[in-house]
Amino acid sequence: MNPVVLIAEELAPAAIEVLAHDFDVRHVDGTDRPALLCALAEADAVIVRSATQIDAEAVAAAPRLKVVARAGVGLDNVEVPAATARGVMVVNAPTSNIVSAAEQAVALLLAVARNTASASAALKAGEWKRSKYTGVELQGKTVGVVGLGRIGVLFASRIAAFGTRLIAYDPYIQPARAAQLGVRLVGLEELLRESDFISIHLPKTPETVGLIGEKELAIVKPGVRIVNAARGGLVDEQALADAIAEGRVAGAGIDVYAKEPCTSSPLFAFDNVVATPHLGASTNEAQDKAGLAVAKSVKLALQGEFVPDAVNVQAGGVVAEDVRPLLPLAEKLGRAFTALAGGVAASVTVEVRGEIATHDVSVLKLAATKGLFSSVVEEQVTYVNAPHLAAERGVEVTLVTPAETVDHPNLVTVRGALPDGRTVRVSGTVAHAGARDVLKLTEVDGFDVEIGAEGILLFLRYVDRPGVVGTVGTLLGEAGVNIAAMQVARREAGGETLMTLTVDQALGADLLTSAADSIGAVAASAADLRDE
């Protein structure tokens with residue numbers, strides 16, 4: 001049975017096409033709460049826009065849910081903590097609307113500068129009053145950009161083409177980077193005092209809510225025009241209305257509001273305010289980009305791969321192409337570690353060595369942590385809840401990238417200390433065989449091995465002597481268990497030895513014990529490294 005992807009709001013046909021081949025795509029009206037909760041019962045993923053509420057109740061109604069996807073930027077309608085607690089990945093489309101949002105800010109600024117909306121309304125009402133709607137040019141004016149993130153940068157590059165002087169306030173960007181963009185960094189107070197136009201491009205956080213309020217509007221340059229197409233609440237609407245009424249602010253372009261939908265605001269009383277109903281992402285292109293982006297993220301998530309746009313996954317972000325093949329390796333090493341340890345470790349270190357360590361490999365710690373707990377807990381272990389499971393059990397997982405040279409372009413080691421004082425160590429690499437990546441174990445507790453990190457592996461430690469291989473092979477053969485691969489590693493003749501076998505089916509605990517007893521093994525364990 002294919003995983004079920006539930007689409008709760010309108011999605012671009014191209015996005016549905018991405019999902020249709022591999023998944024059972026179903027539709028529901030996300031605003032019909034009873035229907036939504038009923039449909040979620042069988043959903044592995046749900047895709048929403050802004051009207052569907054995915055809260056704790058909705059997450060609880062979806063026992064199979066692995067991913068919630070918001071085809072847009074904001075996540076106000078998704079209860080991320082509730083999803084995270086259940087190990088459900090939450091993804092959005094953070095770059096889908098950046099061009100549309102920047103263009104909307106430019107449109108509002110131009111409309112305010114030239115009184116476009118009020119002049120249009122007057123003409124349609126039968127009034128020809130050219131002198132009443134005289135505006136101002138942008139050329140030679142100072143434009144203050146509050147926030148030089150992706151949208152702020154796009155806005156700045158576009159508004160610079162009008163021959164403006166650009167200044168910006170952003171405490172998280174370096175002056176050299178701003179200079180590259182042709183923007184002079186200033187403090188917020190200086191920006192307010194110098195700007196002829198101000199455009200806001202900040203996320204909504206506790207620190208930014210009310211950033212432009214009564215105090216700030218009291219020091220603005222007289223005649224300033226203010227645009228907010230970012231997030232509602234960044235500008236105090238009542239304070240802005242008061243400043244416009246007093247003549248300190250010459251006009252405003254507002255696309256977002258503290259409470260939405262908004263059909264009543266003190267700003268709506270002014271002809272020199274251009275107000276739009278949150279149209280920043282409302283272009284065909286942005287909607288299509290958002291749908292395609294989240295469809296691809298859902299596909300990755302349901303295939304068990306890392307999703308760069310997951311908002312509740314530690315080490316989120318772009319993963320280098322060279323690092324991606326090591327994700328399943330690190331996870332399988334985590335699984336093998338837990339099998340060899342026979343339980344949860346007190347602390348675990350993930351070592352990454354070789355040429356690969358020049359990249360950002362922090363995601364490999366996350367993958368290894370996922371593997372550590374996959375056979376330990378009953379609940380589904382994901383990239384989302386793996387760090388929480390480790391913290392809950394007091395397991396500290398750290399990442400190190402030693403500089404010493406190794407014999408492989410990439411080598412990942414998971415090592416750790418157990419509560420009884422024992423240490424466990426398992427290493428592996430990814431080799432390339434044509435177009436295929438081959439995952440291999442290279443070391444187990446100091447024994448050099450070279451065996452595929454695939455399937456079901458048995459580890460037997462014993463004292464080297466003749467006949468052991470035959471004994472194990474005979475016992476497993478009589479039990480109907482086929483051996484696909486085997487390797488014996490020893491430090492010296494007659495000394496401690498490790499036998500590693502790949503078998504075609506899982507062994508019951510009794511059979512594993514019998515195999516160990518038959519050769520007097522001092523340790524025996526089985527690791528299921530089959531792809532999930």
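**Figure 1. Packing around helix H11 in the predicted model.** The buried residues of H11 pack against helix H10 (214-217), strand S10 (224-228), strand S11 (249-254) and strand S12 (273-275). Contact means heavy atoms within 4.5 Å. Helices (H or I, at least four residues) and strands (E, at least two) are DSSP runs, numbered from the N terminus. H11 spans residues 237-245, and its buried residues are Glu 237, Ala 239, Leu 240, Ala 241, Ala 243 and Ile 244. Buried stands for a relative accessible area under 20%, exposed for over 50%, and partly exposed for values in between (1.4 Å probe, protein chains only). This is a predicted model, in which local features need pLDDT of at least 70 and side-chain atom pairs count only at pLDDT 80 or more, while totals for chains, interfaces and linings use all residues. Residues are numbered from 1 along each chain as its sequence is written, and side-chain values use heavy atoms, with hydrogens and water left out.

Figure 2. Rings of Phe, Tyr and Trp (its six-membered ring) pair if their centres lie within 6.5 Å; planes under 30 degrees apart count as stacked, over 60 as edge-to-face and the rest as tilted. The count by this rule is 1 aromatic pair. The ring centres of Tyr 257 and Phe 268 are 5.9 Å apart and the planes are at 80°, so the pair is edge-to-face. Both Tyr 257 and Phe 268 are in the loop between S11 and S12, 11 residues apart. Tyr 257 is buried at 5% relative accessibility, whereas Phe 268 is partly exposed at 36%.

**Figure 3. A salt bridge between Glu 42 and Arg 26.** A salt bridge is a side-chain nitrogen of Lys or Arg within 4 Å of a carboxyl oxygen of Asp or Glu. The structure holds 30 salt bridges. In the one between Glu 42 and Arg 26, the N to O distance is 2.5 Å. Glu 42 is in the loop between helix H2 (33-40) and strand S3 (45-48) and Arg 26 in strand S2 (residues 24-27), so the pair ties together parts 16 residues apart in sequence. Glu 42 is partly exposed, at 39% relative accessibility; Arg 26 is also partly exposed, at 27%.

**Figure 4. Salt bridges of Glu 331.** Glu 331 forms a salt bridge with Lys 370, with the closest N and O atoms 3.0 Å apart. This pair links helix H13 to helix H14 (residues 362-373), across 39 residues. Glu 331 and Lys 370 are both buried. Glu 331 also forms a salt bridge with Arg 335, where the closest N and O atoms are 3.6 Å apart. Arg 335 and Glu 331 lie 4 residues apart in helix H13 (residues 326-341), a separation of about one helical turn. The relative accessible area is 10% for Arg 335, which is buried, and 7% for Glu 331.

**Figure 5. Charges over aromatic rings.** A charge sits over a ring if NZ of Lys or CZ of Arg is within 6 Å of the ring centre and within 35 degrees of the ring normal. The charged end of Lys 370 is over the ring of Tyr 383, at 5.6 Å from its centre. Arg 491 lies over the face of Phe 447, 4.0 Å from the ring centre.
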